[in-house]
Amino acid sequence: MKANHLLIVALPLGVLGFANAAAALEPQKLFIEGDIVRGNTPNGITGPVCVLANQFKRKENVIFRIRVRDLNGQPLDDKGLKSLVVELSDGKQYKADYRARPPLGVRKAFGLTEPIDYFWSAAWLIPQDYPTGSLSYKVVATDMQGNTQSWVPMKDLRSLPMVMDGDVTYTK
């Protein structure tokens, strides 16, 4: 009788071991959100920076800001994700980096001693010869096991970057 009892107890433990192994093989579910803002450029700023925008002129810097959360709602940093890439509809890809925000220079200028947030960002400096019009993009997150998950913004043109005709003026 004791042997049967041990067998019954051992079976569920073995089944639990297989269940945990199967769960480890499943891709991690990720929740991705983001927006786009105007960034500074090597030549200076072309308008208000870090303000939501979707209309940009050539030679302006489009910044894709992205947050990725796990199934429990916890943000994933560069130790939780292998990579994060922004893919434009023209096929160009831009690697996102996980950093403290605002950048150190801005924190110093405003007398901030600590970052106020951390998130992923990628920059796209629009080439001078880039065609005008709207373009779509997607964000592709790759977890530490190599599984990928994509996110696209709303298909409303007001949510997508639009390249406008015209010249930019830089201020330092």
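In what order do the four strands of the open sheet with E5 in it come? Hi everyone, let's take that one together, keeping in mind that we are looking at a predicted model. The order is E5-E4-E9-E10, the sheet is open, and the pairing is antiparallel.

Now to its edges. Strand E5, residues 93-95, and strand E10, residues 148-151, each have a single partner strand, so one side of each is left without a neighbour in the sheet. From one strand to the next, the twist averages 25°.

Let me zoom in on E5. Its pairing with strand E4, residues 81-88, is antiparallel and runs over three bridges.

As a reminder, strands of a sheet pair through backbone hydrogen bonds, either parallel or antiparallel.

On to another open sheet, also of four strands, with the order E1-E3-E7-E6 and antiparallel pairing. Strand E1, residues 31-39, and E6 are the edge strands here, each pairing on one side only. In this sheet the twist averages 40° from one strand to the next.

Let's stay with E7, residues 117-125, and look at its partners. Strand E3, residues 61-69, runs antiparallel to E7, and six bridges join the two. Within that pair, Arg-65 stands opposite Ser-121, and Phe-64 has Ala-122 as its bridge partner in E7. Strand E6, residues 97-101, is joined to E7 by five bridges, again antiparallel. There, Arg-99 has Phe-119 of E7 as its bridge partner.

Definitions and conventions:
Residues numbered from 1 in each chain as written. Predicted model: local features only at pLDDT ≥ 70, side-chain atom pairs only at ≥ 80, totals over all residues. Heavy atoms only, no water. Pairing = 2+ DSSP bridges. Axes fitted to C-alpha atoms, helices over the stretch in contact; angles between N-to-C directions.
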